[in-house]
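Q: I would like to go through this model and ask what stands behind each label. Please set each value against its cut-off.

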Amino acid sequence: MLFGRFKLLPLGRLSVALFVLLASLDGRAAQPEKASKDLANASGQVDVIVQFNRPLAADLHQKVSGHGGKLKRELGLVRSGVYTIPASEIPGLASDPDVVYVSPDRPLVPTGSTGGNWVNDFHTDSVNAPAAWDAGLSGSGIGVAVIDSGISTEEDLSSQSVVYSASFVPGTDSAVDQYGHGTHVAGIIAGNGADSSNKHSYYTFRGIAGGANLINLRVLDDNGAGTESSVIAAIETAVSLKNTYNIRVINLSLGRPVYESWALDPLCQAVEQAWRAGIVVVVAAGNGGRGNASNPNGYGTITAPGNDPYVITVGAMNTKGSRDRIGVVPASYSSKGPTAFDHFVKPDIVAPGNLVISLYNSHLLLNQESPTNEIQRGLYETNGDPTKASEAYFVLSGTSTAAPMVSATAALMIQQDPTLSPDEIKARLMNTAFKNLVPFSTAVDQVTGQSFTLSADPFTVGAGYLDVQAALGSTDHSFSKLGSALSPAVIVAPSGQVSFVNAGSAMWGTSAMWGTSAMWGTSAMWGTSAMWGTSAMWGTSAMWGTSAMWGTSAMWGTSAMWGTSAMWGTSAMWGTSAMWGTVSRLNDGWPIDLLDPTAATVTSGTDMVLLGDAAN
């Protein structure tokens, strides 16, 4: 594993079974040296991303041409090009000394959401966003690049809010959202609440950073599908326009499976270049938390580029329709760490991501697919028919709705202190995150009766729940002297000794927040009697046992996704029902009367049962 720059911090003892977990996630030993494993079954003409060991030049393109390749797009940010090449030529191309790595131009496909009757999710209240507004902060003057399906300007999102637009979708120059995902994300960041601010309104749906300038970089088409190379090209554009539009934040509410180490993944290379350029990169964790038959607990499901240790990876929580954060619990579908191959502790932080209300337009595909996702006007207005569908607001679930809350908070922090670096922002967000979370909870799917046991462990909730007020209240500049804020990795010795593995130059050193007085705090579950103890969830009967995903039938095993029915087959994961989007077709409902918004309260405890989990 790529731990040459890292040092160990002991955490205590853990079941030896976790060692098996991590070993099975480390699939690099079986990979071809310089070609991605998911190219093994490719045939015919294949679109690939070729990374080189030096800047792009004509002679490099000629080398690929010599193998029958045709250039489609240059990706200079990551010393790469996108080519169409015969699959049979890939081994020969990969053997070239100037070629670092060859991987497919992989698709990224966010999916839809279920419908129903809704209550207010109160996500802005739950994360203490009003404290920023009371302090006069709105993200004014800060550029936030939304790399998504485009933005459709609505009453709550004026054309003045979108200062630049470009399309990276082949065949169209229009950056106007035709799908609905990007508009919903943009509303969470910078919606101005105009449609719910009239004389009849009793609640206003507004973005956390309503004054931010949005840079609209469209990479997903009318059906919400896109490619990795389009995302990389959009990131490259954001970096090039950083000074022009003061772009300080990139939001990526999309993802795809992890196929190789972050050090080889071209998408990870792109987000790291943006980070080094001074741009905070916020990424959705993914929606694989419910797992599948071979991985019933959903651990090890973080998607790329959320597996990169530099970026801020965001998981989803369920507010259960309450302003009070004391009862929030993890969303059952939110992807969990550790990351495949590298075993980084992800997500870094969590935010509301269940039944989140934001903007939409009736002509957009997501609304046509799920018209019942429109909320009722009675949720925010007192006049007229309270059951009438809103023409402005819409519900979606998934980590894609959690990520923009963190992006907006970063914009507020930068407005307050423009000198903050991406590493300082990440450190402050994690250090100030709310940690007194419900340790264990249960979600029950009303349709199937399947239950999901949820734990507020580091692989599920990271450093804790987003707290806007606390993040803005932190004025500690000592983080700037400690180096980078790379997410730590975890290793388990055969003896069962568990250790965080931290970068030697990282701020998470022995005196930093990962130490004994760390961000987990003395009252947190991470203390001496914490989850790492002998009676913890990691015991002999734990999820890491012989029936876990890490066993012989694990995703890296002989029946894994790399088999004959793998992504190149007709029943591949890249079909219309792809699971790798960051908007979930699942949602964790509310333990309250859905028709009575005044009943939106919760009871805290150690065993919260969520009703209304339904998948379509």
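Q: What makes S16 and strand S18 paired strands?
A: The model is predicted. Two strands pair if DSSP finds at least two bridges between them. S16 and S18 (residues 389–396) have four bridges, in the antiparallel sense. So the pair meets the criterion. One of the residue pairs is Ser358 with its bridge partner Phe394 in S18.

Q: Why are strand S16 and strand S17 said to stand at the edges?
A: The strand order is S16-S18-S17, in an open sheet with antiparallel pairing. S16 (356–359) and S17 (374–376) each have a single partner strand, so one side of each lacks a neighbour in the sheet. Neighbouring strands here are turned by 55° against each other on average, direction ignored.

Q: How do you know that helix H6 packs on the sheet?
A: Contact means heavy atoms within 4.5 Å. Helix H6 (residues 181–190) touches S16 and S18. The direction of H6 makes about 100° with that of S16.

Q: Which are the edge strands of the open sheet of four strands?
A: The order is S3-S4-S2-S5, with antiparallel pairing. Strand S3 (70–75) and strand S5 (99–104) are the edge strands, since each pairs on one side only. The twist averages 30° from one strand to the next.

Q: What makes strand S2 and S5 a pair?
A: Strand S2 (residues 45–52) and S5 are joined by five bridges, in the antiparallel sense. At least two are required, so the pair qualifies. Ile49 has Ser103 in S5 as its bridge partner.

Q: Which helices touch strands of this sheet, and at what angles?
A: Helix H2 (residues 58–65) lies across S2, S3 and strand S4 (80–86), and runs at about 20° to S4. Helix H7 (residues 228–240) touches S2, S3, S4 and S5. The direction of H7 makes about 35° with that of S3.

Q: How do you know which strands pair with S13?
A: Count the bridges. Strand S12 (residues 280–284) and S13 have three, in the parallel sense. Strand S15 (residues 349–352) is joined to S13 by four and runs parallel. Strand S14 (residues 329–330) is joined to S13 by two and runs antiparallel. The requirement is at least two, so the S14 pair also counts.

Q: Which residues face each other in these pairs?
A: Ala284 has Val314 of S13 as its bridge partner. Val314 in turn has Ile349 in S15 as a bridge partner. Met317 stands opposite Pro330 in S14.

Q: Why is Asn216 called buried?
A: Asn216 has a relative accessible area of 1%. The cut-off is under 20%, so Asn216 is buried. Asn216 lies in strand S9 (residues 213–218). Beyond its neighbours within four places in sequence, its contacts include Val146, Gly150, Tyr164 and Ala175.

Q: Which residues touch the most other members of the largest nonpolar core?
A: Leu214, Ile235 and Leu252 do, in a core of 111 residues. Helix H11 (residues 399–416) supplies the largest share, 10 residues. Ile235 touches residues including Leu77, Ile147, Leu252 and Ala274. A second, separate core has 17 residues, among them Val46, Phe52, Val64 and Val102.

Q: How many of the chain's contacts join residues at least 24 apart?
A: The figure is 81%, taken among contacts between residues at least 6 apart in sequence. Buried residues make up 63% of the 616 residues in the protein chain. The secondary structure comes to 14 helices and 24 strands.

Methods
Residues are numbered from 1 along each chain as its sequence is written. This is a predicted model: local features need pLDDT of at least 70, side-chain atom pairs count only at pLDDT 80 or more; totals for chains, interfaces and linings use all residues. Side-chain values use heavy atoms; hydrogens and water are left out. A nonpolar core is a set of buried Ala, Val, Leu, Ile, Met, Phe, Trp, Tyr and Cys residues joined through side-chain atoms within 4.5 Å. Buried means under 20% relative accessible area, exposed over 50%, partly exposed in between (1.4 Å probe, protein chains only). Axes are lines fitted to C-alpha atoms, for helices over the stretch in contact, and angles run from 0 to 180 degrees between N-to-C directions.
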